[in-house]
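Below is a briefing on one structure, arranged by topic. Please read it with the sequence and the model open.

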Amino acid sequence: MGGEKIKEPRGLRPGGASRVRDEKPWWDTFPWWGLFIALVLAWMAVQIITQDDYALAWERIIPGLRLTIEATIKAFAIALVLGLTAGMGQLSRNVVVRNVARTYVEFIRGIPMLPLIFTVALIVVPETSDYINARLDAWFGFTYEPSFQMRATVTLALIYGAYMAEIFRGGIQSIPPGQSEAGRSLGLTRRQTMRSVVLPQAMRAIIPPLGNDFIAILKDTSLLSVLGVLEITQRGRQFSASTFKFREGYFVVSFIYLCLTLGLSILLGVLERRMTRDRKGER
Amino acid sequence: MAAHGGTGPAQMISLRGLSKTFDRTIHAVVDVDLEVVEGEVVVIVGPSGSGKSTVLRCINLLEVPTEGFVTVDGFELLDPKTDIDHVRAEVGMVFQQFNLFPHLTVIENITLAQRKVRGRSRTEAEEVAVRQLTRVGIPEKADAYPRQLSGGQQQRVAIARSLAMDPKVMLFDEPTSALDPEMVKEVLDVMLELASEGMTMVVVTHEMGFAKAAADRLVFIDEGEIVEVGPPEEVFSNPTHQRTRAFFDKILY
């Protein structure tokens, strides 16, 4: 009798309690963390609405939101192009292309973000723009001086381009070689096979980490403050430094970032779920 | 010069002195000569790792030979001036793992290359696709995704996908090896019918029944070399080489 009972799946014993034992109670699976964060956000919002110091900080800081979002979207867009180019470049047959792409990726990934921002914004950009401006001035009679915001955005794009290159490369390499062999054996060119066979499949592996990078870029736009770009963090620093209300300043800054990043990750989750639902038939 | 030379049917595939070495040390194929004429069905058998798939993959240059010459339909494949994509469009290939495109429906799988390579319109390509799907017996699966099909059905779609390009040659690389036993026949039936319609075929397989029924010539490859070539009944019943005999002793009941 004992031996038989061991083989029975738990919770399905005939004549026993009908409730399945393995099912966890609701409070075990409930996303308490989400509730907790929502409560904190609500409390923060109440502070901002009801307390004058917080309201003042909010007023001073929130104009930076536009810059933060602008820089995020621009940097992401440029990084996407750089990442795709460098990612595919690393898989190129051409030895020069392959090594240029690899050098870029390894260089960027090996240097911390802050020194890289200073290097690009204060050395690389001025020197290249001096060089270009000398030509522009000589040939067309005008010059172009990139703003610090532009320099910082480009730096962010350069950095995330390298990270995305690895995402694209990994995504493409995750597709079994039989797929491109099938494409090529049908007479499709290398390019056609990449575009119609490999990339669409790789996208499923690529899109979720790209979404994470978007959120990471959003957070890292705070680094632009070191160049004096008036985005959220820099405005928070200025407010705090001028009023000595550090708590209010950084409190509001954190609140804004939290709202943005949490909102985005919820959006991403929905997007990912929709992607897997729409394509149920595959794989 | 060809085995079926003279005034017989035209030569379709010619391998001369074909060798393939991997990593400079692994000799997968060693000095293989093989001619296939139009309408001929050649079945290649041999132990696993003998290089038979490599020989097949050299015919459409999925594997680039280390030495030798490959001629398909009059094109010298290793000549840099040859447009390999153009030749591949004429050479259908069916893989052991089917290699259907999982993100596309069956009909999209079959129309993709027709439209991109043959330049056919969507309507025309879909007409051809439905005709080929009917031929392999599953027209009702046009809008399914590969995932929703059984292995046998997937392989038949893969065959239809190749046939839709109106190839002059069909290459089969162990087309039934990844199938559950009950699905082998439905794929072999399609291949037999194709053979009887006069398609030029080179088939790497372990299905000796298929070889007996469809092959004009049986090629036995061992350790990268062609050991024996001949009509299947002769090679089966009266192999001249010890290696051939040893192989058949192991696999035939």
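B:Asp222 counts as buried, at 14% relative accessibility; buried means under 20% relative accessible area, exposed over 50% and partly exposed in between, with a 1.4 Å probe and protein chains only. This is a predicted model, in which local features need pLDDT of at least 70 and side-chain atom pairs count only at pLDDT 80 or more, while totals for chains, interfaces and linings use all residues. Residues are numbered from 1 along each chain as its sequence is written, chains are lettered from A and ligands numbered from 1 in the order in which they are written, and side-chain values use heavy atoms, with hydrogens and water left out.

**Salt bridges in chain B**

- The side chain of B:Asp222 meets that of B:Arg243 in a salt bridge of 3.2 Å, N to O; the term covers a side-chain nitrogen of Lys or Arg within 4 Å of a carboxyl oxygen of Asp or Glu.
- This pair links distant parts of the chain, with B:Asp222 in strand β9 (residues 217-222) and B:Arg243 in helix α9 (residues 242-251) of chain B, 21 residues apart.
- Helices (H or I, at least four residues) and strands (E, at least two) are DSSP runs, numbered from the N terminus.
- B:Arg243 is partly exposed, at 32% relative accessibility.
- B:Glu186 and B:Arg156 also meet through their side chains in a salt bridge, at 3.1 Å, N to O.
- Here too distant parts of the chain are linked: B:Glu186 belongs to helix α6 (residues 181-196) and B:Arg156 to helix α5 (residues 151-163) of chain B, 30 residues apart.
- B:Arg156 is buried, with a relative accessible area of 11%, and B:Glu186 is partly exposed, with 24%.

**Salt bridges in chain A and the total**

- A:Glu106 and A:Arg109 form a side-chain salt bridge of 4.0 Å, N to O.
- The two residues are three apart in helix α6 (residues 95-109) of chain A, so about one helical turn separates A:Glu106 from A:Arg109.
- A:Glu106 is partly exposed, with a relative accessible area of 35%, and A:Arg109 is partly exposed at 36% relative accessibility.
- Salt bridges with shared partners join A:Arg102, A:Glu106, A:Arg109, A:Glu166 and A:Arg169 into one network.
- Over all chains, a search of the whole structure finds 23 salt bridges.

**Strand pairing in chain B**

- Strand β1 (residues 11-22) and strand β4 (residues 67-72) of chain B pair in the antiparallel sense over five bridges; two strands pair if DSSP finds at least two bridges between them.
- Opposite B:Ser19 stands B:Glu67 in β4(B).
- β4(B) also runs antiparallel to strand β5 (residues 75-76) of chain B, to which two bridges join it.
- B:Thr71 has B:Glu76 in β5(B) as its bridge partner.
- The hairpin of β4(B) and β5(B) has two residues between the strands, and B:Asp73 takes a positive phi near 50° there.

**Positive phi in loops of chain B**

- B:Glu174, a residue other than glycine, has a positive phi near 45°.
- B:Glu174 lies in the loop between β7 (169-173) and α6 of chain B and is buried at 11% relative accessibility.
- B:Glu223 is not a glycine either, and its phi is positive at about 50°.
- B:Glu223 sits in the loop between β9 and β10 (225-230) of chain B and is exposed, with a relative accessible area of 58%.

**A buried asparagine**

- B:Asn109 is found in helix α3 (residues 106-116) of chain B and is buried, with a relative accessible area of 1%.
- A polar atom of the B:Asn109 side chain lies 2.7 Å from the backbone nitrogen of B:Phe101.

**The largest pocket**

- The largest pocket holds about 1000 Å³ of space. A pocket is an open set of points on a 1 Å grid over the protein atoms alone, where a 1.4 Å probe fits, with protein on both sides within 12 Å along at least five of seven lines; lining residues have an atom within 4 Å of a point. Grid points are joined across faces, edges and corners, and the volume is the space filled by probe spheres set on the points.
- The lining has 26 residues, and A:Leu91, A:Arg93, A:Arg184, A:Arg190 and A:Met194 lie nearest the centre of the pocket.
- At least two lining residues each come from α8 (148-173), α9 (177-185) and α10 (190-220) of chain A and from α2 (84-88) of chain B.
- α10(A) gives the largest share of the lining, seven residues.
- By type, the lining residues are 13 nonpolar, five polar and eight charged. Ala, Val, Leu, Ile, Met, Phe, Trp, Tyr, Cys and Pro count as nonpolar, Asp, Glu, Lys and Arg as charged, and the others, Gly among them, as polar.

Terms used:
A polar contact is a pair of N or O atoms within 3.5 Å; within protein, one must be able to donate a hydrogen and the other to accept it, and residues adjacent in sequence count only if both atoms are side-chain atoms.
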